[in-house]
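I opened this entry to keep track of what I looked up, one topic at a time.

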Amino acid sequence: MLYVAVAAGSFRRYATYRAATAAGVATNTVFGFIIAYTYLALWDQRPHLGGYGPAQALTFVWAGQALLAVAMIATGGLDELQDRIRSGDVAVDLYRPADLQLWWLAADLGRAGLQLIGRGVVPMAVGALTFPLALPGNPLTWAWFLLSALLGVIVSFALRYLVALSAFWLLDSSGLAMISGLSCMFFSGMVLPLRVFPGGLADLAQLLPWAALLQVPADVLIGARTGRALLGGLAFQAAWAVALLALGRLVQSAATRKVVVHGG
Amino acid sequence: MASTRPGWDDDGADGRLRAVGHALFAFGLIAWMWVRSTLAYRTSFVLMTFGNFAASGLDFVAILLMFSRVDALGGFTLPEVAFLYGTCSLALGLADLLVGNVERLGARIRDGTLDTLLLRPVPVYVQIAADRFALRRLGRTTQGLLVLLWSVGRLDVEWTAGRVLMVPLMAVCGAVIFGAVYTVGAAFQFWAQDAAELQNSLTYGGNALLQYPPTVFARDLVRGVTFIVPLAFVNWLPALWLLGRPYPLGLPVWTAFLGPAVAALMAAGAALAWRHGVRAYRSTGS
């Protein structure tokens, strides 16, 4: 099928950036070490902070470093699509017998798949070798984690697609992308697990879409979500994915009505 | 090419001084050109500066959130951690503003535009450092400075002349040390063009490390950033002296004042690495 081919092509494309992948792995690993030690100091003072034990907190750190590139947590937009909108090349894309949103979603899933293998596995393995992590022994939990991470990537894509489409109106959406990326860093749990946030902020942050990117998958991995809470978490992610993708379609149809292609 | 550089042919200190002056003047000119070009898009500039300010502020928000749950981290209070945070943010912010753009070298090599820079009668390093000079990076510098000023007002130390002088000295030496890391990272891109992200682990990673007290980290990590990549001289050693705290490795007190020497050594090393990189560069040609 067409979209599978797009995803496979994107997977292969990112597989060729070997030096960049290696550099990314090194950076994620260094950050993993630094954050792990600060969390150890924090949980040393408050052993049950946020309902996590120290081993669970450490696992959260390394899950975050493994998913940072996969779910593009620090990135607010889709640079390539934004460039194509600004330059007008998007007109060619709209002529293609493929849906714009599905095309870019497929490409993003291919990228995420490669980066899960290329940039996710090594930091997690290094973390597991150097710190006492609370990794699940049950293969089924790993499967739930992968499903949850996949839903997280879809929510992440849906948000970045909306930011990219804003280029139809703003032309330069890099400022919006930056602010969106910052919100994502903060409200995904990357800066600090959302359950550790003080009182009302913790409850609010866990209802926002960004929680689907890291907080929910990490909770699934470290066993903080089992049974009904696990299904609830996946449903939460799926609901945001559907809602944001639908919003993306609405904006897309408004944007394509707006496009005027010059020249003949 | 060499003969077109003013002062290159003259021997002696006078010629060298004139060459340095020429390089600084060229840096100023290129930077000013980029400032004028960014100010043409005022809304974007304001948004990006705010974003830069907020991006670096996010780390401090994390620290504030941590201290909403605990009174001390690794035995250090909030003003003390804020002092560490402010000093290293300011140092990194200055280095990032002045020479941070050298990390674009890999992209320049890939698209072949480095060759254009090699032909111009201005040192390549100056051109690369001033390339796309981004005033918005004042966001990080300002944010670090604000946190630093806030912490200075709250620290429980006696502000002798030595302590007061130590603060700007830390900012300058720290900026030189981070600048050297940026330069070595860029020089490495002469061989590995896609590895721009690698130096982030030392610049932004170093920043993430140095904003927490060394007591938080494993001994080996502290040893590594003291003796191998001496980032500890950006703020840990001088700041702990200023705060009257012992350094975990039990180094003698005078090591707190080695910042300028370490900065000078690292700058010299970076200059050598850069020169070696430029000499090894073979254009892709046409």
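This is a predicted model: local features need pLDDT of at least 70, side-chain atom pairs count only at pLDDT 80 or more; totals for chains, interfaces and linings use all residues.

Residues are numbered from 1 along each chain as its sequence is written, and chains are lettered from A and ligands numbered from 1 in the order in which they are written.

**Helix 9 of chain A**

I took helices (H or I, at least four residues) and strands (E, at least two) as DSSP runs, numbered from the N terminus. Helix 9 of chain A has 14 residues and reaches 20 Å from its first C-alpha to its last, close to the 20 Å expected at 1.5 Å a residue, where the expected span is 1.5 Å times one less than the number of residues. I counted a residue as buried if 20 or more other C-beta atoms lie within 10 Å of its own, as exposed if 12 or fewer do, and as partly exposed in between, with C-beta atoms placed from the backbone. Because 10 of the 14 residues of helix 9 of chain A are buried, this helix is largely enclosed by the rest of the structure; among them are A:G175, A:C184 and A:F187. I looked up what covers these buried residues, and it includes helix 7 (139-165), helix 8 (167-170) and helix 10 (199-205) of chain A together with helix 2 (42-67) of chain B.

**Where the chains touch**

I counted two residues as in contact if their C-beta atoms, placed from the backbone, lie within 7 Å. The contact takes 30 residues from chain A and 30 residues from chain B. On the side of chain A that touches chain B, helix 2 (18-45) and helix 9 (174-187) of chain A each supply at least two residues, and the largest share, 15 residues, comes from helix 2 of chain A.

**Chain B**

I found 12 helices and zero strands in chain B. Its C-alpha atoms fill a box of roughly 60 × 45 × 35 Å, taken along the principal axes. Of the 286 residues of chain B, 41% count as buried. Among contacts in chain B between residues at least 6 apart in sequence, 80% join residues at least 24 apart.

**A last look at A:I73**

Leaving out residues up to four places away in sequence, I found that A:I73 touches several residues, including A:C184 and A:M185, both of which are listed as buried in helix 9 of chain A.
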